[in-house]
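Have the model open while you read.

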Amino acid sequence: MYKRIISIFLALLFLSGCTVQNSKEQSRASKSDVSYVKAVWITYYEMSELISGKSLEEYETALDEAFSNLSDKGFNRIAIQVRPFADAFYISLYFPISSYCFGEQGSDAPFDPLAVICEIAQKHNLEVEAWVNPYRVSNSADFSKLAATNKALEWQDTENLIVTDKGIFFNPASDEVIELITNGVAEIAENYNVASICFDDYFYPSSDESIDKESYEKNGGKLSLDDWRRDNVNRLVKGVYEKIKSIDESISFGISPAANIENNYRNLYADVELWATDKGYVDYINPQVYFGFHNEKQPFMQTVKEWAKTAECDLYISLPLYKAGLEDEYAGKGGMNEFIDNNNIISRQVNYLSKLDEIDGFYIFSYSFLNDSEEAENLYSAMQ
């Protein structure tokens with residue numbers, strides 16, 4: 001009798017093990033079917049180089065040449081900074097046209113820059129990611145520099161804004177701000193052929209208790225200031241995710257935070273661990289791991305492994321091509337000259353990431369550094 005019970009138990013254990021193994025194999029198989037993302041960030045100032053002073057035809061030609069080259073090098077996604085300063089690289093109901101498009105914020109737009117981007121990117125089999133800075137209004141506290149249609153002018157001297165010596169920012173605690181940012185994302189999802197929408201790594205502009213004292217006293221309830229601030233950002237992230245999915249479930253929503261998880265949580269009030277593990281916040285996380293292998297505080301491989309253990313959503317890693325050939329000032333003595341002494345840091349990082357099952361792709365920062373350097377050429381070889 002006991003022998004029979006033990007035999008049945010062992011058989012069930014064996015079948016359970018097979019089921020788990022099969023599940024893992026199916027997971028690996030499904031992941032291999034998903035395109036491995038090879039992306040490049042294109043900043044607002046790099047976009048300005050492609051559009052400023054150009055006619056529609058000249059702009060189309062510039063994009064066609066740039067996107068053709070990116071596709072030939074092996075990239076399959078471009079992350080375009082379409083809203084850098086409460087202004088837009090597209091025709092918006094909520095934000096004035098960017099000064100980096102046609103010379104003056106809020107000027108008339110002779111054509112829609114993002115519509116052209118989407119059209120030409122499709123021609124070259126490049127996915128478009130709309131990269132948004134949600135809270136930043138201006139790097140200056142001078143309201144006179146804003147377009148007449150900039151919402152921040154209407155909200156001047158209200159709790160909808162935070163103004164510091166670093167500039168003007170939308171207040172994350174404001175329901176009106178959350179609605180504005182959500183509507184701005186919704187119009188991108190509704191009107192443009194984008195594969196994904198991504199928030200930048202800027203959240204609260206300061207940890208100073210004075211910047212939102214009145215809002216906290218009115219609405220903080222029983223939450224600590226830190227928890228209340230994190231809750232405000234969480235409400236935006238969750239609301240934006242839900243809005244995008246209500247429009248088009250195929251559009252992914254993600255966030256590209258700074259690489260230090262603890263600093264995000266403590267000082268920027270960005271609970272990236274929550275977003276990366278609880279469903280309903282993001283589809284992917286794309287941390288900016290802008291470090292070399294010998295960085296003394298955050299060495300590259302250790303930082304990537306930490307994110308791989310944390311994220312349960314798709315995980316991309318952003319890489320610092322912009323550091324090639326330069327001193328890495330904050331890397332410590334062991335890593336300070338790493339990008340000077342080696343011309344294959346980024347290619348080695350790409351190769352390392354390709355061997356990790358948890359990683360779904362990489363992003364290169366940024367477009368203007370894809371030049372004729374040895375570092376860039378080594379990168380292209382690693383991408384093939």
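A crossing is called left-handed if the near helix is turned anticlockwise from the far one by less than a right angle, and right-handed if clockwise. By that convention, helix 7 passes helix 9 in a right-handed crossing. Helices (H or I, at least four residues) and strands (E, at least two) are DSSP runs, numbered from the N terminus.

This is a predicted model, where local features need pLDDT of at least 70, side-chain atom pairs count only at pLDDT 80 or more, and totals for chains, interfaces and linings use all residues. Residues are numbered from 1 along each chain as its sequence is written, and side-chain values use heavy atoms, with hydrogens and water left out.

The axes (lines fitted to C-alpha atoms over the stretch in contact, with angles from 0 to 180 degrees between N-to-C directions) of helix 7 and helix 9 cross at roughly 30° and come within 9 Å. Helix 7 and helix 9 are therefore roughly parallel, a label for angles under 35 degrees.

Here is who meets whom, with contact meaning heavy atoms within 4.5 Å:

| Helix | Span | Residues in the contact |
|---|---|---|
| Helix 7 | residues 175-191 | Asp175, Ile178, Ile181, Thr182, Val185, Ala186, Ala189, Glu190 |
| Helix 9 | residues 225-247 | Asn232, Arg235, Leu236, Gly239, Val240, Lys243, Ile244, Ile247 |

Zooming out, the protein has 15 helices and 11 strands. Its C-alpha atoms fill a box of roughly 85 × 55 × 45 Å along the principal axes. Of the 384 residues, 52% count as buried, that is, under 20% relative accessible area with a 1.4 Å probe, protein chains only. Residues 24 or more positions apart make up 73% of the contacts with a separation of 6 or more.

How values were computed:
Angles under 35 degrees count as roughly parallel, over 145 as roughly antiparallel, 65 to 115 as roughly perpendicular and the rest as oblique. Buried means under 20% relative accessible area, exposed over 50%, partly exposed in between (1.4 Å probe, protein chains only).
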